[in-house]
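Me: Could you go through this one with me? I have a handful of quick questions.

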Amino acid sequence: MKKIRKLSYWLVLILMLVACKETPKKSNGQITSETVLVQTNDTLCAAPVAWFNGAVPTPNPNVFPQGDVTNCDFHLVSWNYFLWLTEEVNGELRFETMYTNKAIYPEFKDDTYHVLDIVEQALSKGMLVDQNGRAVYSSIIINDVYRDFVLDNQLYDPEVLLNFDPNTNFPVGSIALKTSWKIVQPNEDVSKLYTKKADIELLDLVDGLPRIDKNNPNVEKDVEVALVALHVSVVVEGHPEFIWATFEFDDNAPDFAENQNPDAAVSVADWMFYAASTPARKTNADNATTLKFSNQEKQLLAPITQVARQYVNGGGSTTNQENITHLNKSVKSQLPSASVWKNYFEVGAIWFNTSKGSLKPDWNPNVDPSMVTGSLKLSNATIETFTQKVRSQNECFSCHNTNALTSVPTDMKILGGKNVNISHILLKNYIGGKEIPLQN
Amino acid sequence: MENTTLRIHPAIGMARVGNSTDYYLGPETMAASPQKGTVITGGLPIKPGTENTTITSEDLRDDQGRLKRQAARFKIYQYPNETGQVSYPTPGGEEVLIGSVVNGKKVVDIIWTAHLANKKANCWEIDEDANLGIALYKNNEFPPMRNPDFMQTTPQDPKSVDPSDPVRLKNLVIDAGPRTIMASKGSDTPIKFDKKTPATYFDASTGEISEQSNYPIQFPASEGKSKDGSDPISYLGEILTEPNGRLLVLGGYGLAAGFDNEGNYNTAQTLCFDVDNDNWLDDTSDGPITAVIVYEDGSKEPIKGSAWVVATDPAYAPQTLNAVSLWDDIYNTWLENFNLQPEIYRNGTYNENYKPSFNDEVFPTLNASHMQMWNTNLPKQAINGHKRMMTLTEEKPPFDILQYIRNPDGSQDTIGAPLMPLSLGDANQSFLTLSRQQYFFMKQWNKGMSVGAKETVLGAGEQLDKTILVNCLGGRFSPGIDMTFIARDVNLYNENWKDPAIGPFRIDAKTLDYSSANTEKPFLGVGYTPLRSYKVEPGDICKFMSIPWHTDYNSCATHTPAPNPGGKITKENIFSGDVNTTLFWSWPAQRPVAVYTFDDLVSNTDRGELPEQRYSVRGKGTAATEKMHSVGCEKEEKNQFEMKAMNVGRYQNRRNFLTEWVKVGTIIQGPAIKNYPSDFSKDYYLEVESKFDIDESNQVVFWPNVIDDEVYPPKQ
């Protein structure tokens, strides 16, 4: 069956690809991340032209290469999803038509009211403050497959989740997204960005720190915001760990140089979240304990966060990085000149090399990294700004893994290690909507 | 009791330095362990003159605000000698006090002898660069010797220096000699280990206390004036007794003394290293404790075995349990090498059918994880996770806890979070591991084998042996605080433990013939040498520790792992992701890093909620600088790569800590604090009696803090 799916996948892709030929596979059929699609000329991993002629092909998560999969396949499918999710459908982007994370509850199962309700970054508790002093906002979005899986299995009920089969995976086709939005200033040039009007939850003083008061959030309506990043995590056939891909606006932040000197500037130019000539050691400084309002009424914060991307392409092998670079170039070169999506790029993606292991309960990449491949140090500069520099937290799986959830209140049962723990929407719900603690 | 044998307990007692002449007694309950009939958990020291009344915050300092010393209390127990062989554990044992009856005879007095010395300056280096611990003594090798050029005109090869050179033995060893005290007279008249008090010992040939005027009492480099933390050392402590006959041993005042290459006291010496500083002495010490029972009929019975006292650093957080204690290391050594409890470990393997007692053998490790929050900058989520561990029972845990515990087989030494303990490892080990029996007990519990397991019942004396060591640091011996890696060397111990007169956990003390003492010749020699079968002399236990102790205590707040799993950190690779730039704790239970202060708690507007943390060491000169700048150490510090965040919570000039250690506050449980509000949590452990009136360090940020973090001024 898998072979048939693989064949059909390639039939479709061959029709779409003009310049893409597969490399000869290893004789044993086991493919490492070094295996790539060989291209003619100097491009290695390219987007099919068919993606850019009319509607973006709908990704088929059930048809994904298995044993002979290549590194490029994962980046291709990630870009495919990104373009498909950001495609306009009836005046909205497709991802905006999907569900909020509240939709895992039966009473909110149709919820698509995407209020921007997250400012604290996961783990670090820091908040990305843009160059204008405003917090960068996030929201979480899921698709129907994800939602229905939770609803059908009643995993919103902590007791059910507690007793849920540890080995059951999220179904193929599950999608979870995290968006990242910048507040647009008057007269700010956002022509290169996707913008929209959104409702945002305002900051208040909570325990002496600027935070959203989750018990009684003040909402400001119709605020103009610009999309600066998008996490795309999808389950495709054979990958219940999700493929974790992340995309950013081109001008967000500079990359660290190789052997970046901490005292040297990362860039001499201004970026969206970086002031020209800021030394590397001043970037990505967690503000969890130092953040203050400079003007609460105007929702202005200090200090400004200077952001740099610590790992180009999220690291990984040369092949991985070259594939990302070439694929980004390929997509950008083929998108219509008027498309704002030309101004976004795939930072990287991370997944499992299934020849080395598959998702199992009680797995943590810091203990067993053997099957993890792709962009091994992948962070989004606007969503995981501060954890980039923490060795034990600098990639998606370091938080999204299948360890038990032990950091629960003393009156709650510890949630054992389960494959579904990989998505934090369920864990967050389990402990009552609080941030999911990393198992330190 | 008839046909009994006598043993002194604890086998190893701990005295702790302080700058006060006053003292309290060391704790005789295990740190953080629940105590019947009180909310106060174990580990708190005891008020002098009492059996077990624990101190309060008012007892930590004397009337002049000086930090009190901690006395080591020794007791004698008699055991029924039924089988002629000791097994472990042996429930029973009865304390022998003045008035007790032993073998039908009434005890009227106890003659105690102690001998304190300090051999640090004539010991081998810990060798901070090599960082290999006891392995440096393998294959007939030695690490470099401290003070290699002493009394030499040309530089010497530090590995070729002869420690038995009489010039070194005389000028680099502090030896106060033996002192004997009669319990009947000792409660009012302490006997000092100083220059003036004559050496005395119990002469078995005469059955009397003998003064040995020929004893070569040595206090080298002790003539001069105090300056900038250098103080001449002419006193190592004193002994006194309780009216009931028990012995109390007090250590020194926490002094350090510089000396020049000719052995003259000199205040201008540099302190450029954390552990091995040449040209320095300190007044920590150690040595044997022996006793003679005096009966009503005039007969005297020397107790065959001895105990040992170690005088070391102050305990600034006595109730915080170490994740790996000195007990865990010593117990492990005994389990695996001396056939101590074959039902647990035999013929090289742990018994897979053994059912560990949850309360005795599992819970303390969980409890220790919870207690780390009081001395470290753990974030809330970690604190919550640890707190949740406290609710687990003897039942099989509801998750696979071994997924969170670093395997001590060496396979996971370089893996940090999520594996526990999350503190820095031993020599040549990036991260700490539990001792092997701790891990084994955890593994058995994880399989559900603690359900219905029997509690481990120790005799009172055995319990004291254990308790004293539980309250000391284990695991990370680089070099540590109380004892170092020698705790794992079988050569340190008396293997004849089944002899009822010896018992387990005893130091293999050298028999000292004081009658042969000669003022012209140093009495003590090289003594115990790791991995060799030399007997142990006074001063042999503490000699491996930092010289002076202050510098290591000061520096060992937080560090990056060493060895760093990604290689040495340089300016070029700190952002590579290969090196681990996260900062971890060295000895958090013994050397508090970040604390919650009682003063902050009561002034917190959010009543009863924990305030922001402060660094424990936070006086003038602790604000982090790009490099530590110990005076005169420019050459040594020139090529070191450091960033500010690497140096928080310590004096940037090591020398400052020689005077400022006396200001460090102590962390004790809320209900033991004077004027502690009754509606505040009784489970808070808060810093009190800090003399750092102004916080001049940096703001504490939660873990995981990294070396390139910005540092900020503290909250005032």
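Predicted model: local features only at pLDDT ≥ 70, side-chain atom pairs only at ≥ 80, totals over all residues.

Me: OK. How many helices and strands are in chain A?

Reply: Chain A has six helices and 16 strands, and of its 440 residues 52% are buried.

Me: And of its contacts between residues at least 6 apart in sequence, what share join residues at least 24 apart?

Reply: In chain A that share is 68%.

Me: How many residues are in contact between chain B and chain A?

Reply: On the chain B side there are 36 residues, in contact with 39 residues of chain A; by class, the chain B side consists of 16 nonpolar, 12 polar and eight charged residues.

Me: Switching to domains, which ones does the assignment give for chain B?

Reply: The domain assignment gives domain 1 as 5–318 + 483–544, domain 2 as 326–460 and domain 3 as 592–715.

Me: How far apart are the C-alpha centres of domain 1 and domain 3 of chain B, and how many residues are in contact between them?

Reply: Their C-alpha centres are 31 Å apart, and 24 residues of domain 1 of chain B are in contact with 26 residues of domain 3 of chain B. The domain 1 side of that contact has 10 nonpolar, 10 polar and four charged residues.

Me: Now helix 3 of chain B: where is its kink centred?

Reply: Helix 3 of chain B, residues 358–371, has a kink of about 35° that is centred on B:Pro364, and B:Pro364 is itself one of the buried residues of this helix.

Me: Is the helix mostly covered or mostly uncovered?

Reply: Helix 3 of chain B is mostly covered, with 11 of its 14 residues buried; among them are B:Phe358, B:Val362, B:Leu366 and B:Met371.

Me: What do those buried residues pack against?

Reply: The buried residues of helix 3 of chain B pack against helix 4 (380–389) and helix 5 (436–446), both in chain B.

Me: Last topic, B:Tyr676. Where is it placed?

Reply: B:Tyr676 is in the loop of chain B between strand 25 (666–669) and strand 26 (685–688).

Me: Why does B:Tyr676 count as buried?

Reply: Because B:Tyr676 has 22 C-beta neighbours inside 10 Å, and the cut-off for buried is 20 or more.

Me: And which residues is it in contact with, leaving aside neighbours within four places in sequence?

Reply: On that basis, B:Tyr676 is in contact with B:Gly670 and B:Pro671.

Notes:
Residues numbered from 1 in each chain as written. Chains lettered and ligands numbered in written order. Helix = DSSP H or I, 4+ residues; strand = E, 2+ residues; numbered from the N terminus. Buried ≥ 20, exposed ≤ 12 C-beta atoms within 10 Å, placed from the backbone. Contact = placed C-beta atoms within 7 Å. Nonpolar A, V, L, I, M, F, W, Y, C, P; charged D, E, K, R; others polar. Bend = angle between axes of the 7 residues up to and from the residue. Domains from an automatic or database assignment.
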